[in-house]
Amino acid sequence: MSKLIDWARKQSPWVLHMNCGSCNGCDIEIVDALMPRYDIERFGIKQEGTPRHADVLLCTGPVTRQMAPRLERIYEQMPEPRFVIAVGTCACSGGVFHDHYNCLGGIDQVVPVDMYIPGCSANPEAIIDGVVKLLEGEPEEAELGGTEPPTAETEPAVEEPTAGGD
Amino acid sequence: MSGGSDERIPVGPQHPSLKEPANFMLDVDGEEITGADLTLSYNHRGMEEAAQRKDYLQNIYLLERICGICSHSHTTAYVQAVEELMDVEVPDRAKYIRTLIGELERLHSHLLWLGVGGHEMGFDTLWHYAWRDRELVLDSLEELTGNRVHYAINTLGGVREDVEEDQFPMLRENLEEVKERAAYYAEVVPEEETVLMRCEDVGVISRETASELCAVGPTARASGVPTDVRKEDPYAAYDQLDFDVITHTDGDLLARVIVRLEEIVESCKIVEQVLDDMPEGDITGANRPTHTLSNMVEEGEAISRYEAPRGEDLHYVKSDGTDTPERVKVRAPTMANWPTVVEGLKGSYIADTPMIVAGIDPCISCTARIGVEVTGDAAVSIDGGDRKLSLDDLSDYAKDWYGQEVN
Amino acid sequence: MDADELKAQIEDDIGDLITETRRGRPRRIEVVLEDPDRIVEIMEYLTGEGIKHLSTITGRDDGTDVELLYHMLQYGEEQGDGDLGDANMVTVRTFVPKGTPRIDSITDVVPGAALYEREIIDILGVEFEGHPNPDQLLLPDDWGEDEAPPLLKDEEPDEAEVDD
């Protein structure tokens, strides 16, 4: 772990957070990761306001039609090497919005995704885990849609309703 | 923070597909806003259309995700409407549990807002304190429901999970601490120099204006409008609980802060009563349908109102004898309050724009993408002469203008 | 005010304007306005009687018409000790034909109606005459001209149609 901390502090990856039509659940958990209890900044990870300085793009939401061109534009403005993390079930696969007329079905429908962090919402521990694993692994940039999107088996989605007395 | 060149809307014709969810146009004379206009374009996800294709139970999980901050508000408003259509009795214990989760939600939401508001005012210490205390509330919610966000406690005819005896000590302990913090905030925050500077006499909305614009929640109550769904149209266990509707007369941003602070105190009171008086009994109605999927619901209509943290949440459900609703209409509270922002801007300083927006407690992510366009005769050039900027840019400008440190 | 009392008062005052009133569960009243051209008139009456909070407008395609429900609320009376009396919701139901889906905007009488009317313009294609700012609210900018408003049904009403 200390090797990573050293690396992170040297590299100081800057993270840009972008909401692509999410309910805000994951977004707040992302901000929570910066808060005293979880404090992702101790890993040297900084939140950044502009894509031109960002290394990692944290995306939430199923990508609404309204947001799709903006997501593309932001991604294009990021210098390489750049990584995209889909945070939350909606960002991974569209979640409960996967079949809505105005939603595209996940971040990887628009830009290549390097790390999928499921959860509804993804909690701060999962988010930190995902970010750290990504930085440790130095993944190759995925082709558009090249990374296998999560399936129902691999991704713990929203609790399926159970019949009968709960 | 850097100039944020890419948070700014570029000078020149705006690309149509890059329209921000909300765009303010400010006419200014020097530092003052003489006119304001708002174009809104929501992050539309097609909820209502989808709700017609899902069955009544699935819709609980769908509508919950309208908002990650007040999801319980939406599921409760919805199931109440469906329970009316199905003529299902909800047992008292379930009503108390719904109330418990609802007030914990109000607590976490108001504390979230307190932190966001603090951050907006350049008061980051308050942000960290409020969000630290908020974690206690999230711990309670996770203990009770299994999740920090999207609790899914509701089912048709009651609640999904009971509260166990051995959970009470932890809940009470957390509540004690939150109560203490709530009293502290209510006493100290309204006296803070930063808060007074940024909020007192800013963005005043009269009671008449708030009422004409059909504002809701703390925003309306801060202008003296007497409306709180828990009192005027009681649901869940509220008709059995003792609490006050919090109103204020000044209608400025400070009033909106004070109303929320006092509501935090009231919510703690309500949670305490719920824990003390929780009735024994079942958590789902005896006459609730046993097949929870594929419920055929007789024709009918129901209008359900709920006091979400941001205000009145209305759900209208129409059934047509099948297992999917004919129509589901949701009016979440924030939409009712945008017009008061436009009114509040008129006569305010440019630098007050971000705080006036924050005053209605809109979704954080929406505000991150709000654009501002300034026309007229600005004495000071904002952001290097650029007349189109993001609300975040204006936030920095505001702190600078008020002589505060820019983060 | 008691909902039954309010309902009776409305029937007395504007019986000529409305074809039906109903009282549902507590604090719920409904009135049916047969002639949508008189929507401003009925709104002037209601707001004059202190029923002036518009919670929202619900629109629905019922096959032949677009049904519009204006959910109006009368605030509960303040009772001085942090309590409020009953707030009654009065829903005005009216219909506009799908062939000519237009109705007057009520924004002069109820300024808070502006966003709710815009929502219906987007999702059902109804025109609100006199609306000060009928810009697209919900739909993305690239929503095509040939794309139908999302809540309009294109098929003919079938047997399962709700009888209202």
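**Close-up 1. Helices H5(B) and H6(B) pack against each other.** In chain B, helix H5 (residues 124-145) and helix H6 (residues 168-188) meet at an angle of about 155 degrees, and their axes are 10 Å apart. That makes H5(B) roughly antiparallel to H6(B) (angles under 35 degrees count as roughly parallel, over 145 as roughly antiparallel, 65 to 115 as roughly perpendicular and the rest as oblique). Axes here are lines fitted to C-alpha atoms, for helices over the stretch in contact, and angles run from 0 to 180 degrees between N-to-C directions. Helices (H or I, at least four residues) and strands (E, at least two) are DSSP runs, numbered from the N terminus. The crossing is left-handed, a word used if the near helix is turned anticlockwise from the far one by less than a right angle, with right-handed used if clockwise. On the H5(B) side, the contact includes B:Leu136 and B:Val137, and on the H6(B) side B:Leu171 and B:Val178 are among the residues taking part. Two residues are in contact if their C-beta atoms, placed from the backbone, lie within 7 Å. By class, the contact of H5(B) with H6(B) has five nonpolar, two polar and five charged residues (Ala, Val, Leu, Ile, Met, Phe, Trp, Tyr, Cys and Pro count as nonpolar, Asp, Glu, Lys and Arg as charged, and the others, Gly among them, as polar).

This is a predicted model: local features need pLDDT of at least 70, side-chain atom pairs count only at pLDDT 80 or more, and totals for chains, interfaces and linings use all residues. Residues are numbered from 1 along each chain as its sequence is written, while chains are lettered from A and ligands numbered from 1 in the order in which they are written.

**Close-up 2. H6(B) also packs with helix H11(B).** H11 of chain B covers residues 253-277, and H6(B) packs with H11(B) at an angle of about 155 degrees, with axes 9 Å apart. That makes this pair roughly antiparallel, and H6(B) passes H11(B) in a left-handed crossing. Among the residues that meet here are B:Leu175, B:Ala182 and B:Tyr185 of H6(B), plus B:Ile264, B:Val265 and B:Cys268 of H11(B). Sorted by class, the contact has 14 nonpolar, no polar and four charged residues.

**Close-up 3. Two domains of chain B touch.** Helix H12 (333-345), helix H13 (353-358) and helix H15 (391-401) each supply at least two residues of the domain 1 side. The largest share of that side, seven residues, comes from H12(B). The domain 1 side has 10 nonpolar, six polar and four charged residues.

**Close-up 4. Chain A has an open sheet of five strands.** The order is E2-E1-E3-E4-E5, with parallel pairing; two strands pair if DSSP finds at least two bridges between them. Strand E2 (46-47) and strand E5 (115-117) are the edge strands, each pairing on one side only. Two bridges join strand E1 (residues 14-19) to E2(A), and A:Trp14 has A:Lys46 as its bridge partner. Helix H5 (residues 124-137) of chain A lies across E3, E4 and E5, running at about 170 degrees to E5(A).

Close-up 5. Most residues other than glycine have a negative phi, and most peptide bonds are trans.

**Close-up 6. Chain C has a mixed sheet of five strands.** This open sheet runs E1-E2-E5-E4-E3. E1 and strand E3 (53-61) stand at the edges with a single partner strand each, so one side of each is left without a neighbour in the sheet. E1(C) and E2(C) form a hairpin with four residues between them, and C:Arg27 in the turn has a positive phi of about 70 degrees. Five bridges join this antiparallel pair, with C:Ile18 opposite C:Leu33. Helix H1 (residues 3-14) lies across E1, E2 and E5 of chain C.
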